[in-house]
Amino acid sequence: MATTTDHAVIESDSRTSPRPDGRKNDRWRSTAVVVLLRLAVIALALVLWQVMSGPVVPEYAVSKPTDVAHALTRLLNSASGWADIRVTAVEVLAGFGLGVLAGTVMGLLLGSFPLAGRVLEPLVAALNGIPKIALAPLFLLFFGIGAWSKITIAMTGVAFVVFYNVYLGLRLRERELVEVVQVMGGRRHHVLGYVTVPTLAAPFFAALKTGGPLAILGVIGGEFIASSEGVGHELFTAAQNLDAASEFAGLIILVAMTLALNGVLTALDTYALKRLGLAPRRQSPRGSRSPATSR
């Protein structure tokens with residue numbers, strides 16, 4: 001009799017618990033709805049822009065979506081346009097990479113040696129308080145109007161963001177975990193692998209996502225001040241010529257570059273956290289039970 005009752009309970013649980021396939025379909029359906037709503041918002045904004053340009057807002061100031069599309073097509077079909085995109089992309093990637101390297105090294109050094117951190121942290125804060133675009137003329141005088149002046153501007157902005165995330169992450173590292181690893185006979189590389197890296201993973205990748213737009217901002221700002229090529233140079237030229245369509249076309253290129261860089265960093269973040277075992281775990285379907293607990 002007991003066996004029959006237990007069997008009935010198991011069958012009842014299996015009927016009432018949601019199927020994994022249903023949950024997966026619900027996630028896909030929810031994602032599709034969000035994407036469709038985003039596209040609807042963009043389409044509505046474009047329609048309002050097209051209708052209001054001229055009667056409500058001066059057309060020379062905002063152009064029209066159709067004119068912007070023509071300017072963007074003309075830019076992408078020209079060799080000079082792709083050359084400008086390539087120059088800006090190289091400067092952004094180089095400045096971003098060097099900034100991440102410099103910020104990580106500074107954060108690890110000052111975070112690992114408390115005395116050095118207490119001595120140099122106020123100086124770092126003072127340097128960080130200077131607007132990076134205000135340093136652009138100095139970099140231009142030192143490096144010229146070539147690529148290295150823009151790379152240095154981008155590197156400066158990214159380095160401080162990465163530094164503070166790494167430095168504060170080390171300071172907030174749980175001392176008890178370090179002592180446990182050391183008591184168990186762990187050496188420096190064990191502390192690094194089991195405590196330091198998992199602690200710094202989340203703030204480090206947060207700094208990367210914050211530093212990406214800063215790198216683009218630094219490069220474009222440097223190209224605005226003095227340059228002979230690049231997307232920023234084309235934006236400055238379009239503004240001088242009162243060419244709003246080309247201005248918006250250049251902005252679309254920058255938005256695409258920002259989204260591409262953020263997508264790569266998000267994928268890298270997800271992969272690294274998964275490898276470290278820090279990714280959020282999926283919850284089991286509500287109401288489902290294992291055979292062991294159902295008996």
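Visitor: What volume does the largest cavity have?
Guide: A cavity here is a set of points on a 1 Å grid over the protein atoms alone where a 1.4 Å probe fits but cannot get out. Grid points are joined across faces, edges and corners, and a volume is the space filled by probe spheres set on the points. The structure holds 1 cavity of 30 Å³ or more, and the volume of the largest cavity comes to about 30 Å³.

Visitor: Before we go on, what kind of model is this?
Guide: Residues are numbered from 1 along each chain as its sequence is written, and side-chain values use heavy atoms, with hydrogens and water left out. Local features need pLDDT of at least 70, side-chain atom pairs count only at pLDDT 80 or more, and totals for chains, interfaces and linings use all residues, since this is a predicted model.

Visitor: Which element gives the largest share of the lining of the largest cavity?
Guide: Lining residues have an atom within 4 Å of a point, and for this cavity they are K209, G212, P213, T258, L261, N262 and L265. Helices are DSSP runs (H or I, at least four residues), numbered from the N terminus; those giving two or more residues here are α10 (188–225) and α12. The largest share, 4 residues, comes from α12.

Visitor: How many charged residues are in the lining of the largest cavity?
Guide: Ala, Val, Leu, Ile, Met, Phe, Trp, Tyr, Cys and Pro count as nonpolar, Asp, Glu, Lys and Arg as charged, and the others, Gly among them, as polar. Sorted that way, the lining has 3 nonpolar and 3 polar residues, and the charged count is 1.

Visitor: And the second largest pocket: which element gives the largest share of its lining?
Guide: A pocket is an open set with protein on both sides within 12 Å along at least five of seven lines. The second largest pocket has a volume of about 280 Å³ and 18 lining residues, with A71, L75, E234, S246 and A249 nearest its centre. Two or more residues each come from α4 (65–76), α5 (79–112), α11 (231–240) and α12 (244–275). The largest share, 5 residues, belongs to α11.

Visitor: How about S63, buried or exposed?
Guide: S63 is in the loop between α3 (59–62) and α4. Its phi is also positive, near 60 degrees, in a residue other than glycine. At 5% relative accessibility, S63 counts as buried.

Visitor: Last one: why does the pair of F204 and F205 get the class it has?
Guide: Rings of Phe, Tyr and Trp (its six-membered ring) pair if their centres lie within 6.5 Å; planes under 30 degrees apart count as stacked, over 60 as edge-to-face and the rest as tilted. F204 is partly exposed at 22% relative accessibility, whereas F205 is buried at 9%. Their ring centres are 5.6 Å apart and the planes sit at 75 degrees, so the pair is edge-to-face.

Definitions and conventions: Buried means under 20% relative accessible area, exposed over 50%, partly exposed in between (1.4 Å probe, protein chains only).
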